[in-house]
Amino acid sequence: MAPNGRIWLFWKPYLQVQVLLIQEQFIHCKVDSTTGAFSPFVTIVYAKNEAQERHSLWNDLAQLESTIHGAWLISGDFNTLLSTEDRMGSPVTNAETTDFRDCVDALQLTSLRAKGWHFTFCNKQQLEDRVYSKIDWALGNLQWLQAYGHVEADFLNPGASDHSLIYPEYKPHVNIHTKPFKLFKTMMEHADFRSILESVWLKNYNGTRLFQLWQKLKDLKIALKGLNTHMASYSKKLQQSRQSLDVIQSQLANLPMQQSLIGEENNLLGDIHKWG
């Protein structure tokens, strides 16, 4: 429990939790499942209401980041917005988002894949005074994304509360098949592709013609591995752009004349055309 009683930490018997640091606005711990399949650092946040009071939180998290060696999940009520799109019913200034956004960028954090409610707080007032905000977050560092990128944060219905409960749904990630080799179309346009192809194809192999063809394709696959790894980033960028476009267009369905969303949609369509 935090000194002021604002944060309480409970856990299931199948988890081993070592509390490493307790501060006024967060509790930091190491979590291990009894199976060993889940072993991240976890920081639970309940930030102060006033921006000035949150400055110490951003500074503490920056210092904490230097001690993290592995997957790191930071989740809770940050009491602030990350972008101007994170509130409905009351205008947002860029100044409101700056400190939190700078912290997220500095720590290289990314929001977990999310489902459920986008706006996680509601003042529960009548329509003319109702305000929705996204101030509850589940964020992970690069190592978290690499190890647990399949984990989704489910923002549940708030019920009688003014906040949505964050439920990170962890399920062991199983790779049923080995990752196949993929020859990207953009790679065939790479300046080195033709020379690599020729160097393999001009080699002499013994055996039947079918065996020679099989051996050439096998050696070509090995020769192209390094280049293919580099070019795979194009596929990743294309996938990210398509996912972002889906999010933006879902928002456009509700706000079809929102200029910022239209601009983002056009930018993403340009990226998809470039990487596709």
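What is the relative accessible area of lysine 115?

A: Lysine 115 has a relative accessible area of 33%, so the residue counts as partly exposed. The class runs between buried, under 20%, and exposed, over 50%, using a 1.4 Å probe and protein chains only. A word on the source: this is a predicted model, in which local features need pLDDT of at least 70, side-chain atom pairs count only at pLDDT 80 or more, and totals for chains, interfaces and linings use all residues. Residues are numbered from 1 along each chain as its sequence is written, and side-chain values use heavy atoms, with hydrogens and water left out.

Now the partner. Lysine 115 forms a salt bridge with glutamate 169, and the closest N and O atoms are 3.3 Å apart. The two lie in distant parts of the chain, 54 residues apart: lysine 115 in strand S7, glutamate 169 in strand S12 (residues 166-169). A salt bridge here is a side-chain nitrogen of Lys or Arg within 4 Å of a carboxyl oxygen of Asp or Glu. Strands (E, at least two residues) and helices (H or I, at least four) are DSSP runs, numbered from the N terminus. Glutamate 169 is partly exposed too, with a relative accessible area of 22%.

Strand S7 (residues 113-116) also holds arginine 113. Its salt bridge is with glutamate 152, with 3.5 Å between the closest N and O atoms. Again distant parts of the chain are linked: glutamate 152 is in strand S11 (residues 152-155), 39 residues from arginine 113. Arginine 113 has 46% relative accessibility and counts as partly exposed. Glutamate 152 is partly exposed at 23%. Arg113, Lys115, Glu152 and Glu169 are linked in a network of salt bridges. The model has eight salt bridges by this rule.

Another of these pairs is lysine 48 with glutamate 53, at 3.9 Å between the closest N and O atoms. Here lysine 48 counts as buried, at 15% relative accessibility. Glutamate 53 is partly exposed at 38%.

Next, the open sheet. Six strands form it in the order S1-S2-S3-S4-S10-S6, with mixed pairing. Strands S1 (15-22) and S6 (110-111) each have a single partner strand, so one side of each is left without a neighbour in the sheet. S6 pairs with S10 (residues 136-140) in the antiparallel sense over two bridges; pairing requires at least two DSSP bridges between the strands. Serine 111 stands opposite leucine 139 in S10. Helix H1 (residues 51-65) packs on the sheet and touches S1, S2, S3 and S4, where contact means heavy atoms within 4.5 Å.

Then there is helix H2 (residues 94-107). Its 14 residues should span 20 Å at 1.5 Å a residue, and the end C-alpha atoms are 20 Å apart, which agrees. The expected span is 1.5 Å times one less than the number of residues. H2 bends by about 30 degrees at phenylalanine 100; the bend is the angle between axes fitted to the seven residues ending there and the seven starting there. Buried in H2 are Thr97, Phe100, Cys103, Val104 and Leu107. Their cover includes H1, S4 and S10.

After H2 comes glutamine 108, with a positive phi near 55 degrees. Glutamine 108 lies in the loop between H2 and S6. The residue is exposed, at 62% relative accessible area.

Methods:
Axes fitted to C-alpha atoms, helices over the stretch in contact; angles between N-to-C directions.
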